[in-house]
Amino acid sequence: MDILELIKSRRSIRKFLPDKPIDWDKVSKCIDAARHAPSSGNLQNWRFIVILEPDLKKAVAEAALQQWWIAEAPVVIVALSEPEKAERYYGVRGERLYSIQNCAAAVENLILEAHSLGLGTSWVSAFDEDALKRVLKVEEFARPQAIIPMGYAAEVPSKPPKYPLEQLVFFNVWRNRLRDPARYMRDYSVIIARGVRAGKEALKKTAEKIREKISQKQ
Ligand SMILES: Cc1cc2nc3c(=O)[nH]c(=O)nc-3n(C[C@H](O)[C@H](O)[C@H](O)COP(=O)(O)O)c2cc1C
């Protein structure tokens, strides 16, 4: 599948087939994708806890503000950051921003790889951080960033609305929109294709008019 198609077709999955386990090979491929994400200064200050124990999954679901559906996933992965490592190199910005961004990039890679392997996931960040750390015996210096329940989907969620490009993109400066970005960027392939389309339309209209005139004469 084309990468854009893959990105667009991924959905958050919150119901999993109960009797279909996941091969470890697939789980490890997902984490492998995560570890290849970009990170500030290539610090890779992330860790992943793979949870398979049913009681532990329930405790994680409880810590995630009682999102009990998490416990139904065959595998639950928790992505964690080590902010101190980033702080050592980049100060407050490293600790507060880069650490979160690094982990987010890894999580996105992970869920996209899962989707490409036919697995459903969700990105869950609504949790009680202290409670989750206690449950997973996480050392003081690490911070859980996301819980990723994973399994074969037992639902086909409809696509939630996504804002159109025009609404999200400014050119050069904040709030500046362009009516015709292709023309501004001298994207001749688009401009020529438009011309060809317009030419075809014009030809079609002329042909219709001629046909009308002929039928009127008959
Ligand atoms: C930072 C973040 C936190 C999220 N936390 C939760 C969560 O706690 N529980 C949940 O069910 N979904 C959570 N989601 C998933 C979003 O609800 C979901 O991505 C959004 O509704 C768009 O749907 P889609 O993923 O199918 O495109 C979270 C997503 C992100 C990126």
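Predicted model: local features only at pLDDT ≥ 70, side-chain atom pairs only at ≥ 80, totals over all residues.

Biologist: Where does Lys137 sit?
Modeller: Lys137 is in the loop between α5 (129-136) and β4 (143-151). Those names come from DSSP runs, numbered from the N terminus: a helix is H or I over at least four residues, and a strand is E over at least two. Residues are numbered from 1 along each chain as its sequence is written, and side-chain values use heavy atoms, with hydrogens and water left out.

Biologist: OK. Is Lys137 buried or exposed?
Modeller: Lys137 is exposed, because its relative accessible area is 77%. The cut-offs are under 20% for buried, over 50% for exposed and partly exposed in between, using a 1.4 Å probe and protein chains only.

Biologist: And what's its phi?
Modeller: Phi of Lys137 is near 55°, which is a positive value in a residue other than glycine. Leu65 also has a positive phi, near 55°, and isn't a glycine either.

Biologist: Where is Leu65, then?
Modeller: Look in the loop between α3 (54-63) and β2 (75-81). With a relative accessible area of 55%, Leu65 is exposed.

Biologist: Let's switch to the strands. What order do they come in across the sheet?
Modeller: The order is β1-β2-β4-β3, with 4 strands making an open, antiparallel sheet. The edges are β1 (46-51) and β3 (120-121), each pairing on one side only. To count as a pair, two strands need at least two bridges between them in DSSP.

Biologist: How many bridges link β2 and β4?
Modeller: There are 7, and the two strands pair antiparallel. You can follow some of them residue by residue: Val75 is bridged to Met150 in β4, Val78 to Ile147, and Ala79 stands opposite Ala146.

Biologist: What about β1 and β2, how many bridges there?
Modeller: 6 bridges join them, again antiparallel.

Biologist: How many residues of β2 are buried?
Modeller: 7 of its 7 residues, so β2 is mostly covered. Both faces are covered: Val75, Ile77, Ala79 and Ser81 are buried on one side, and Val76, Val78 and Leu80 on the other.

Biologist: Why do you call β4 largely enclosed?
Modeller: Because 8 of the 9 residues of β4 are buried, the rest of the structure largely encloses it.

Biologist: Which strands does helix α4 lie across?
Modeller: α4 (residues 83-116) lies across β1, β2, β3 and β4, and runs at about 5° to β4. That angle is taken between N-to-C directions, from 0 to 180 degrees, with axes fitted as lines to C-alpha atoms, for helices over the stretch in contact. Contact here means heavy atoms within 4.5 Å.

Biologist: I've clicked on Ile111. What does it touch?
Modeller: Ile111 lies in helix α4. Setting aside neighbours within four places in sequence, Ile111 is in contact with Arg10, Thr121, Trp123 and Ile148. Ile111 counts as buried because its relative accessibility is 2%. Ile111 and Ala34 are 77 residues apart along the chain, and their C-alpha atoms are separated by 8.5 Å.

Biologist: Last one: what does Val135 touch?
Modeller: Val135 touches Leu56, Ala59 and Val60, not counting residues up to four places away in sequence. Val135 is in helix α5.

Biologist: And why isn't Val135 called buried?
Modeller: Val135 has 25% relative accessibility, so it counts as partly exposed. Val135 and Gln67 are 68 residues apart in sequence and 15 Å apart in space, C-alpha to C-alpha.
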